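I opened this entry to keep track of what I looked up.

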Amino acid sequence: MNYKKWWLIALGFCLVVATISPLASSSPDGLEKVAEDKGFIDVAQGSPFEIIADYVFPGIENEAFATILAGWIGVLLMFGIAYGIAWLVQSRKNKAAV
Amino acid sequence: MHIPDGFLSTATVATTYVISAGGIGNAVRLANKNLGEKHIPMMGILAAFIFAAQMLNFPVAGGTSGHFLGAALVAILLGPWAAVLIMAVVLTGQCFIFQDGGILALGANIFNMGIVGGFSAYYIYKGLSAVLGDSNRSKLISGFAASWASVLLASIACAIELAVSGTSPLSVALPAMAGVHAIIGVGEGLITVAVVSLVMATRSDLLKLQRI
């Protein structure tokens, strides 16, 4: 399998993983649970601004779809940013070699 | 394991920011030296996969959930500095866009999940696979153990930060954090092994990329 086809399939797989995210457990995670049990959850402060807070795309009534949409955006964004950084670092290397 | 703002003292915030910024700087420098053409899509895929997999909280004992961290997976496939870089990308995105993890706590989150997670996994994996041999089976066993330990050690780092910040004493935070993450780490190990097997089965050459 050529490499481009491989990573495009892998990216598609990541989008599928994001699509099943509404099935995730909504229980508190390890740290949150410890903070609740040990009585320091109340010192947590929220963010001064919200964009796609808590992986729910704002303004969409269907929460499952709002979560899936947040997941798709995140997957594509993370792919783009990490790819972009790696590409920038790489092309700087090529220029430096000239 | 994303620490929200409010849990850490100013000194802890400052210290972890300095360490993580230094770590990212060094990761970029080494990436600049060692990244090849094939690394570029792989870095993107790993960041995308970690983001997606982190959304899938799985239930563990007692009304608690855990999720994949991913530093061990990157460390095994691309090396510890690549893990620092990719975890920094994912955690920064989660912090600023998805409001998961505090802005002041970002340095600590990158330190725990990227630096502690990535480096512990890398050296445990390397050590164990040197002992167990070069077979795929030995790589998967080493990968499972390294992933499990990386989650446990990241949670211990988190407990120490909570303690030095005066949020929760070490005698309370450490056993509680280590206890629950020893279970969550099993999930980390299983996911890492599944992904590494998938890469082995489809493009085993990608397991031989230069480590960063």
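**Helix packing in chain B**

I began with a pair of helices and noted that α3(B) and α6(B) are oblique to each other. The model is predicted, and I read every value below with that in mind. In chain B, helix α3 covers residues 71–78 and helix α6 covers residues 136–164; they pack at an angle of about 135°, and their axes are 9 Å apart. The label follows from the cut-offs, because an angle over 145 would count as roughly antiparallel and one of 65 to 115 as roughly perpendicular. I also looked up the handedness: α3(B) and α6(B) make a right-handed crossing.

Next I listed the residues in contact. From α3(B) I found B:A71, B:A72 and B:I76, and from α6(B) I found B:G143, B:A146, B:S147 and B:S150. I sorted this contact of α3(B) with α6(B) by class and got 4 nonpolar, 3 polar and no charged residues.

**Helix α7 of chain B**

I then checked the span of α7(B), residues 170–202. This helix of 33 residues reaches 45 Å from its first C-alpha to its last, close to the 48 Å expected at 1.5 Å a residue. Where does α7(B) bend? I located the bend at B:A182, with an angle of about 30°.

**Contact of chains A and B**

Last, I looked at the contact, which takes 49 residues from chain A and 54 residues from chain B. On the side of chain A that touches chain B, α1 (3–19), α2 (30–37) and α3 (63–97) of chain A each supply at least two residues. I noted that α3(A) gives the most to that side, with 17 residues. By class, I recorded 32 nonpolar, 9 polar and 8 charged residues on the side of chain A that touches chain B.

How values were computed: Residues numbered from 1 in each chain as written. Chains lettered and ligands numbered in written order. Predicted model: local features only at pLDDT ≥ 70, side-chain atom pairs only at ≥ 80, totals over all residues. Contact = placed C-beta atoms within 7 Å. Helix = DSSP H or I, 4+ residues; strand = E, 2+ residues; numbered from the N terminus. Nonpolar A, V, L, I, M, F, W, Y, C, P; charged D, E, K, R; others polar. Axes fitted to C-alpha atoms, helices over the stretch in contact; angles between N-to-C directions. Parallel < 35°, antiparallel > 145°, perpendicular 65-115°, else oblique. Left-handed = near helix turned anticlockwise from the far one by under 90°. Expected span 1.5 Å × (residues − 1). Bend = angle between axes of the 7 residues up to and from the residue.
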